[in-house]
Amino acid sequence: MKNFFRNIHLYLSLACGLVIAVVCFTGAALVFEKELQQTIYPERYKVEAGQNRVPLEQLVAELKRNVPGAKVNSVKVYADPTRSVELSYSLGEDKPKTEAKKEEGGKGKGEKGKGGGSQAFMNPYTGKLISLYTHRNSFFFTMFALHRWLLVDDPGKLIVGISTSMFLFIILTGIVLWWPKKMKALKQRLTLKLNGGWKRINHDLHIVVGFYTAIFLFVFAFTGLAWSFEWFNDAIYTVTGTENKRPEPPLSTVQPNADPITFDKAYAVAQAELPNGEFYTLGTAKDSAEAITITAMPKDAAHERASNQIYLDQYSGVKIGQNFFAERNLGQRVRATFYPVHVGSIAGLPGRIIAFISCLAGFTFPITGIILWINRLNKNKKKNRKLKRNTSAELV
């Protein structure tokens, strides 16, 4: 029976090992993207706190003065007084995506636009532009594009999805192959022996490390399917008995010749309606009837996708609707947890460290597995040659 599982494990690994290695390596690179960005470019994110903050409208004006034609899509303000203010903007060719769509993760081609827009980091005390940044042109976007669609759009997305599905079976068959026939061999299967020969070290890196990371890699791979297959997302709602449908946002009462409220007024309403927020993202209305969407991340949120939203009439600034995480249906709440589970952030820093280590291990498994396979082939060849020699000697 183990030979059957060994063949499945081997041939599936040969079929998708390269893709799995790329996905795991890029996944490891993305786990600490935010921390790395803030470490490499601290001036973007941190400012010296002052006594008085300038109006948000002044920050918008400063951006437009430095970047002619810039259209501000949202303003992100942090409760931390030492954080810069982030302005998301486009120059016409960009297609901005609402914060609500970002939160859901998007579907199909829409998700390929992640980070496609540009950001301006502003000093909220001096009103000066600190830095401009376009995620699409960055190293991390390349890692993201490799991770999700191998830089080749829809065919790559399908290849990643199929390879990830195969990876689930590779992990399961690996556990079957790992399982010792006798319990006295259990200690050996659980111990990484680094003082043995290179073949033993390679063996343990594949089998022992594989066992310790298997459950985590299985969870990361399983949740990753949500970004590859629409049917997988639909299944989440089918299993939970809910609909994959967000309520339509309310509309503003159109007032001809009237200007929308300022970002400063929207921010004041956001703080009053959604207190204790870690940050607030103030959106803009895309037409004369759309409401202003404000997204807030509570400081005590269960995870990074458990945000709350309110909608304001763009002319009066009156709250006309809300979309709180706790009020969403079960399917939406379950789907929202997939990203923090996928990157390990659901368990905080320890979870992301586990994700990082597991992804690095996943990157090595195709390599150590091929070496194991070659060693086994060589061993079998030696046995066959020895058997032939013994047979020839007996015949003589």
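Trainee: How do you know how H7 and H9 are placed relative to one another?

Mentor: This is a predicted model, and in it the axes of H7 and H9 come within 10 Å and cross at roughly 145°. The angle is taken between N-to-C directions on a scale from 0 to 180 degrees.

Trainee: What is the handedness of that crossing?

Mentor: The crossing of H7 and H9 is left-handed.

Trainee: What makes it a contact, and which residues of H7 and H9 are in it?

Mentor: Contact means heavy atoms within 4.5 Å. On the H7 side, Phe-167, Leu-168 and Trp-178 are among those that qualify; on the H9 side, they include Ile-207, Phe-211 and Phe-222.

Trainee: Which residues lie nearest the centre of the second largest pocket?

Mentor: Arg-6, His-206, Ile-207, Leu-372 and Arg-376, out of 44 lining residues. To be on that list, a residue needs an atom within 4 Å of a pocket point. H13 gives the most, with 15 residues, and the pocket holds about 1400 Å³ of space.

Trainee: What is the make-up of that lining by class?

Mentor: The lining of the second largest pocket has 20 nonpolar, 14 polar and 10 charged residues. Arg-6 and Arg-376 are in the lining, and Arg is in the charged set, so both count as charged.

Note on methods
Residues are numbered from 1 along each chain as its sequence is written. This is a predicted model: local features need pLDDT of at least 70, side-chain atom pairs count only at pLDDT 80 or more; totals for chains, interfaces and linings use all residues. Side-chain values use heavy atoms; hydrogens and water are left out. On a 1 Å grid over the protein atoms alone, a cavity is a set of points where a 1.4 Å probe fits but cannot get out, and a pocket is an open set with protein on both sides within 12 Å along at least five of seven lines; lining residues have an atom within 4 Å of a point. Grid points are joined across faces, edges and corners, and a volume is the space filled by probe spheres set on the points. Helices (H or I, at least four residues) and strands (E, at least two) are DSSP runs, numbered from the N terminus. A crossing is left-handed if the near helix is turned anticlockwise from the far one by less than a right angle, and right-handed if clockwise.
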